[in-house]
Amino acid sequence: MLVTENKWEQLNHNEQSVIRLIKSDPFISQQELAGKLELSRPSVANLISGLVKKGYIRGKAYILNEENPVICIGGANVDRKFYINGEVKFATSNPVHSTQNAGGVARNIGENLGRLGKEVILVTAGGSDAEWTFIEQASSPYMNVDYVAKFTKEATGSYTAVLDRSGELVIALADMDIYEQITPDILKNLAPQMSQAACLMVDLNCPKEALNYLIEFSRNQSIPVVFVAVSAPKMERLPEDLNGLTWLITNRDETEAYFSIELKSNDQWRQAVEKWLSHGVENVVITNGAKGVMIGNDSEGIYHIPAIELEEIVDVTGAGDAFSSAIIYAWLDGKSLPDSAKAGIANAAKTLQSPFTVRQNLSSDQLFKDMEELS
């Protein structure tokens, strides 16, 4: 399983410790390694990924004993945010200050889940450029990025947001053409990994043919699949046959666009959840900003969970991804629909109060504390 030890001087202390522990127990789990090394599990996963790349680990024994990963498929891009210092003035120059972070719906959800302690594999398309290097360095501590498809003639995706001084979005510019390269042929090569997944999390930046392939794959392999909507125009990418879709996480605007309806009352909101369920979706969430969320399935029923009132919002970017990731985390942990929704709302609220797209203090223990604090 391991190469000889004559090259150990090239490794740091943690890498050497990982090798010694795996050599003594090839079936040791990453959680056990994390406990023995006093590191987080995502940090251990990153160490192991590096050792595989360097050729120090080449066997699969311990990997087969790992918790099944969440595979996040979709967008991973550079997020650039420009904060207008004063009142917004159109058709002229506005003084701003700016930040740059790794973003993208699938990547953001992956980082949230990684910080929460889940094993995560990111599947996306990236360019062979400095932007992708930036994303990879920011992402690899929280997820496995070994399965990303690289393209030399395509630019890595980017999302540019202009925010007013209250943190509300003024305009956003999305260069996402590269995600059209996430094709069924690329996904077919990942079938062995996907067949071992705890679930597939897929955002609607993926082209329609990829979404059709993934929902069919999930049906055939009995692997749960979660679709996360990204915008009203991209709702047309949903497969015509939604039977077997485990979760759909969407907002009011996206649902209105898909069904060509208006949701002006709670009754209409609830009926929209019922409409999704009648189309074959097993679990549905429709968010509605400050009005909270409506969540439901056929066995537990439909619940309205109110939003948390916040005195201050620092930045809205990433809050939706924080919500989706906590829903997925709580559901995988066996929580009820209302508790899953409350986890999502708590994580979104704390992210709204953070300047970061993915808040830096997130952990499973912290999320539990946040749920108690905000309840």
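User: Which residue of β8 stands opposite valine 162?

Analyst: In this predicted model, whose residues are numbered from 1 along each chain, local features need pLDDT of at least 70 and side-chain atom pairs count only at 80 or more, while totals for chains, interfaces and linings use all residues. Side-chain values use heavy atoms, with hydrogens and water left out. The residue opposite valine 162 is isoleucine 171.

User: Why are β3 and β8 called edge strands?

Analyst: The open sheet has the order β3-β2-β7-β8, with mixed pairing. β3 (96-103) and β8 (169-175) each have a single partner strand, so one side of each lacks a neighbour in the sheet.

User: How do you know where the edges of the 8-stranded open sheet lie?

Analyst: Its order is β4-β1-β9-β10-β11-β12-β13-β14, again with mixed pairing. Because β4 and β14 (301-305) each have a single partner strand, one side of each is left without a neighbour, and these two stand at the edges. At the β14 end, strand β13 (residues 293-297) runs antiparallel to β14 and is joined to it by 5 bridges, with valine 293 opposite isoleucine 305.

User: What makes the set of 44 residues a nonpolar core?

Analyst: A nonpolar core is a set of buried Ala, Val, Leu, Ile, Met, Phe, Trp, Tyr and Cys residues joined through side-chain atoms within 4.5 Å, where buried means under 20% relative accessible area (exposed is over 50%, partly exposed in between, with a 1.4 Å probe and protein chains only). The largest such core has 44 residues, and those with the most contacts inside it include Ile73, Leu187, Phe227 and Trp276. Helix α8 (208-221) is among the elements that supply at least two residues, and the largest share, 6 residues, comes from α8.

User: Which residues does phenylalanine 227 touch?

Analyst: Contact means heavy atoms within 4.5 Å. Leaving aside residues up to four places away in sequence, phenylalanine 227 touches, among others, Val202, Leu211, Ile215, Leu238 and Trp247.

Notes. Helices (H or I, at least four residues) and strands (E, at least two) are DSSP runs, numbered from the N terminus. Two strands pair if DSSP finds at least two bridges between them.
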